[in-house]
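Please view the sequence and structure below before reading on.

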Amino acid sequence: MKNFLTYMQDRGSVVDVSEGLSEVSGPVSAYLGFDPTGSSLHVGHLAGILALKKLSLFGHRVVALIGGATGMIGDPSGKSTERVLLDKKTVEENTDSLKKALQRFVPDIEIVDNFSWLGEMPLVDFLRDVAKHFRLGNMLAKDSVKQRLRSDEGMSFTEFSYQLLQAYDFYHLFREKGIFLQIGGSDQWGNITAGIDFIRKNLAKKAHGFTYPLLTDSQGNKLGKTEKGAVWLDANKTSPYELYQYIYGLEDAEMPKVAKLLTLIENKEIEVLLLKLKENPEQVKAYLSQEVVRIVHGDAGVSSAMSITQAMVPGRVSEFTEDSLSVLVDTGFGIEVSRIDIFGKKWADLLVHTGIATSKGEVRRLVDQKGLYINSRVLSSSEEVVSPEDIVFSKYIVVSRGRKKRSVLVVI
């Protein structure tokens, strides 16, 4: 463990470590929990997934716990409001999806579901055998609890009991599978130590934990959200191109966390990259964005993301494939227009009607600056009319304004 912890500490990927963990020798068994509150993993999960991956590369046994039971309650850690409770069928469907995703990222991972031991536990047994070992003073002292109790939302007893369930998970895995290390994001330290204490009290044995930094910005807000919602690790929800653009679009100051938490780049290479960040931020951000996409979607995902990114340069529509245009539409660049309404219409009128331009005057200025492209050609006059020849792949017209703004008219 000492080598692993040194490696993680050198890359700034450790927040809390239980006393004595670095002195443990030989391979260990470690687990990380994932509650199936969604049908896919998101970019915020990637730091934990890669922590497991790194443990595995150091020769340790890694286990993922899917919270089939706890997912029906919801972890209050880091939440300002209570989660919407999910029904059992939805949780089961989400659990199946997460299992497949985790096996894709870490092929040798063992996966367990806490519903198999928590789902049928009688309430009275739980209160007698588990809850009696926890003191309200300690539970109320947890940061996640104190923050919620100070809020207008408050905290329900259901959420308050979550740390008992997570502690029992650790106890069960320690006793039944010899798993003595739990890892998690830094907001999980209270829950992890609750499990360590429970194991000590009931089994008179020592368990361990460590946490890694959360993926947050300089204000402490969790990264991984866009206007469209979460940035998913499922290509059907967030395309490789969208993931690339999300990482590339982060502030320069977030790149160290991206490099350390969301890639498998070696520590020495990270040091070199971060030195280059001030001199050539775009190059470093492009490289890191590709590395994240490679981990999530493989080389094919990188090729897809880069082909679309490169084709986004005005005048290079010929480099688009029909599939890449479809991805752009799904990504939010698409605007539907009716075939019978556009032909013979002036481009100035159409661009204002679709919201691509704010006024005809703006269209004229862009035309004068040669800043409007229709597919691969520069629009030469705002008085020019739309024709069937402007359609590519039978249903698309790509409109570019300036160097970066692009829209895809979907002709229906």
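Helices (H or I, at least four residues) and strands (E, at least two) are DSSP runs, numbered from the N terminus. The model is predicted: local features need pLDDT of at least 70, side-chain atom pairs count only at pLDDT 80 or more, and totals for chains, interfaces and linings use all residues. Residues are numbered from 1 along each chain as its sequence is written, and side-chain values use heavy atoms, with hydrogens and water left out.

**Cavities**
- A cavity is a set of points, on a 1 Å grid over the protein atoms alone, where a 1.4 Å probe fits but cannot get out; lining residues have an atom within 4 Å of a point.
- Grid points are joined across faces, edges and corners, and a volume is the space filled by probe spheres set on the points.
- Two cavities of 30 Å³ or more are counted.

**Largest cavity**
- This cavity holds about 60 Å³ of space.
- Its lining includes D75, S144, F160 and N191.
- At least two lining residues come from each of helix 7 (143-149), helix 8 (157-160) and helix 9 (162-177).
- The lining has five nonpolar, four polar and two charged residues, where Ala, Val, Leu, Ile, Met, Phe, Trp, Tyr, Cys and Pro count as nonpolar, Asp, Glu, Lys and Arg as charged, and the others, Gly among them, as polar.

**Second largest cavity**
- About 30 Å³ of space lies here.
- M8, S13, A47, A51, K54, Y212, K260 and L261 form the lining of the second largest cavity.
- Helix 2 (43-57) and helix 12 (255-261) are the elements giving two or more residues to this lining.
- Helix 2 supplies the largest share, three residues.
- Five residues of this lining are nonpolar, one is polar and two are charged.

Notes:
On a 1 Å grid over the protein atoms alone, a cavity is a set of points where a 1.4 Å probe fits but cannot get out, and a pocket is an open set with protein on both sides within 12 Å along at least five of seven lines; lining residues have an atom within 4 Å of a point.
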